[in-house]
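Try each task yourself before you read the solution.

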Amino acid sequence: MSILRWRVHRTYGRPMSREEAIRILVTHPAVVEVLDAPQPGEPDSGMLMLRLEDEQVIGIDPRLAEPAHTDEPEAARIARVHRAVDVMSASGEAGEKDLETVVPLVRSADYFVAQGQLAPAAVGWLTDFIGFGLAIDEPTTLRVVTETDLPGDRIAEYDIELQGRAIGNLRTMEEAMAFSEMGLGPDVLTLTAPPGNEAAWFADAAAMEELLGRLGERTGTAWAVIPARRNDVFLVNVATDRWDDLLDDLEEAVLARDGIHPLPHVVANRRWRLSLPPKTSQLGRRLQRLRQRAEGRVYNALKEAVQQEYAHHVADYEDLYAHDDELFSMAFVPEGVPGASIPLVDVIAFEHGYSVLDVPYTEVVTQLPHLVTPHPGTHPPRVIVAHPSEEDYTRLRGLTL
């Protein structure tokens with residue numbers, strides 16, 4: 001029996017702006033302030049945060065302010081949004097979360113960085129850069145499950161059980177995987193449900209694998225999934241001639257607050273992997289640069305958290321142009337440190353005296369493996385580079401670009 005069904009409808013408009021939702025919310029008499037950003041120490045759920053007269057702070061999905069139908073009068077829309085605020089302020093967001101009703105919360109790895117008691121809980125990793133979290137999907141908000149909502153001594157089997165429960169709830173809630181065209185023709189589709197949490201389907205690798213297979217059978221070409229933002233997950237025929245237009249949007253998603261990892265992914269045996277064309281093509285080069293920007297953003301966003309756990313040097317993810325302007329990723333290792341934690345990059349730049357030795361990462365791992373060990377517990381993964389001996393520096397010099 002098929003894992004999923006799907007329904008297709010055509011939509012071309014973009015969601016209403018957050019500014020429009022704020023305009024409506026500030027007119028509520030009990031709303032003192034609308035915050036378009038998470039408060040310090042709190043996870044970013046994508047909600048607008050409302051500070052009320054009674055000092056409550058509640059979150060509300062900005063999509064609630066979208067018209068319920070094309071003919072909904074402005075006054076009725078405002079009244080509907082105000083009623084939602086009244087209901088939420090009366091019930092608050094206190095109390096234990098019902099973990100029987102969790103759904104997947106797919107987010108960039110840096111979303112799950114430690115934030116004290118309010119750290120969103122990651123119960124798994126879909127890729128090196130994408131985490132599997134949990135949320136309670138309520139009519140007006142997505143309540144994030146934090147580390148304090150889960151047992152402090154939980155084991156891996158517990159997290160696996162929660163993953164399965166969340167995927168099962170998603171399938172029950174939606175019944176079908178809905179998608180539509182987004183204005184770039186039939187080769188570029190976008191998921192349309194669950195509203196505001198469309199990326200949840202990325203957690204269901206089995207369902208996505210089946211869907212990609214069926215789309216491929218229909219067109220005779222391969223398809224990929226691009227988790228661009230929380231509510232922008234694209235299904236793309238890799239043979240499409242609309243890549244340039246799509247990439248314009250993906251390049252903006254890299255730095256978006258709700259961005260995930262806007263690159264083509266495919267799934268095999270229920271495991272995700274990147275699928276990029278060769279760097280010899282114009283499309284391949286553009287996607288490679290997009291990959292470096294996306295990975296660099298996450299690595300550097302997590303640098304401070306890594307520094308809190310590692311006593312020595314923590315390197316940035318940097319760019320290095322070489323060989324006819326080909327772009328490489330690079331991490332710098334100072335000479336005067338006993339060790340350095342670096343991202344997984346193309347090139348390690350070793351300082352030695354007044355020189356910098358740019359050595360391909362693969363050469364270091366192959367020729368001097370004793371210098372490189374995994375940095376435990378890091379997502380995305382990092383490695384620790386030991387201080388080279390003089391003999392090591394001599395060998396490194398012979399491996400430079």
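**Exercise 1.** How many residues apart are arginine 214 and glutamate 210 in helix H4? Then work out what links them.

*Solution.* A word on the model first: it is predicted, so local features need pLDDT of at least 70 and side-chain atom pairs count only at pLDDT 80 or more, while totals for chains, interfaces and linings use all residues. Residues are numbered from 1 along each chain as its sequence is written, and side-chain values use heavy atoms, with hydrogens and water left out.

Step 1: find the helix. Helices are DSSP runs (H or I) of at least four residues, strands (E) are runs of at least two, and both are numbered from the N terminus. H4 covers residues 205–219, and the two residues sit 4 apart in it, so about one helical turn separates them.

Step 2: check for a salt bridge, meaning a side-chain nitrogen of Lys or Arg within 4 Å of a carboxyl oxygen of Asp or Glu. Arginine 214 and glutamate 210 do form one, with their closest N and O atoms 2.7 Å apart.

Step 3: look at accessibility. Buried means under 20% relative accessible area, exposed means over 50%, and partly exposed is in between (1.4 Å probe, protein chains only). Arginine 214 has 34%, so it is partly exposed, whereas glutamate 210 has 17% and so counts as buried.

**Exercise 2.** Which helix holds both arginine 165 and glutamate 161? Describe the pair.

*Solution.* Step 1: both residues lie in helix H3 (residues 156–174), 4 residues apart, or about one turn of the helix.

Step 1: glutamate 161 is partly exposed, because its relative accessible area is 46%.

**Exercise 3.** At what angle do helix H5 and helix H6 pack? Name the residues that make the contact.

*Solution.* Step 1: H5 is residues 243–253 and H6 is residues 282–301; they pack at about 10°, with axes 11 Å apart. Here, axes are lines fitted to C-alpha atoms, for helices over the stretch in contact, and angles run from 0 to 180 degrees between N-to-C directions.

Step 1: classify the angle. H5 is therefore roughly parallel to H6 (under 35 degrees is roughly parallel, over 145 roughly antiparallel, 65 to 115 roughly perpendicular, and the rest oblique).

Step 2: list the partners. H5 brings Trp243, Asp244, Leu247, Asp248, Leu250 and Glu251, and H6 brings Leu283, Arg286, Leu287, Leu290 and Arg293. Contact means heavy atoms within 4.5 Å.

Step 3: spot the salt bridge. Glutamate 251 pairs with arginine 286, the closest N and O atoms being 2.8 Å apart. This pair links distant parts of the chain, since glutamate 251 is in H5 and arginine 286 is in H6, 35 residues apart. Glutamate 251 is partly exposed at 23%, and arginine 286 is partly exposed at 23%.

**Exercise 4.** Is arginine 382 buried or exposed? Find what its side chain reaches.

*Solution.* Step 1: arginine 382 belongs to strand E22 (residues 382–386).

Step 1: it is buried, yet it has no salt bridge; aspartate 316, the nearest side chain of opposite charge, is 7.1 Å away. Lys and Arg count as positive and Asp and Glu as negative, with His and the chain ends not counted.

Step 2: the arginine 382 side chain does reach the backbone oxygen of alanine 315, at 3.0 Å.

Step 3: leaving aside neighbours within four places in sequence, the contacts of arginine 382 include Tyr299, Val306, Ser341 and His375.

**Exercise 5.** Where is leucine 105 placed? Explore its surroundings.

*Solution.* Step 1: leucine 105 is in strand E5, residues 102–108.

Step 1: its relative accessibility is 1%, so leucine 105 counts as buried.

Step 2: not counting residues up to four places away in sequence, leucine 105 touches Tyr111, Phe112 and Leu142, among others. Leucine 105 and isoleucine 136 are 31 residues apart in sequence, with 9.1 Å between their C-alpha atoms.

Definitions and conventions. A polar contact is a pair of N or O atoms within 3.5 Å; within protein, one must be able to donate a hydrogen and the other to accept it, and residues adjacent in sequence count only if both atoms are side-chain atoms.
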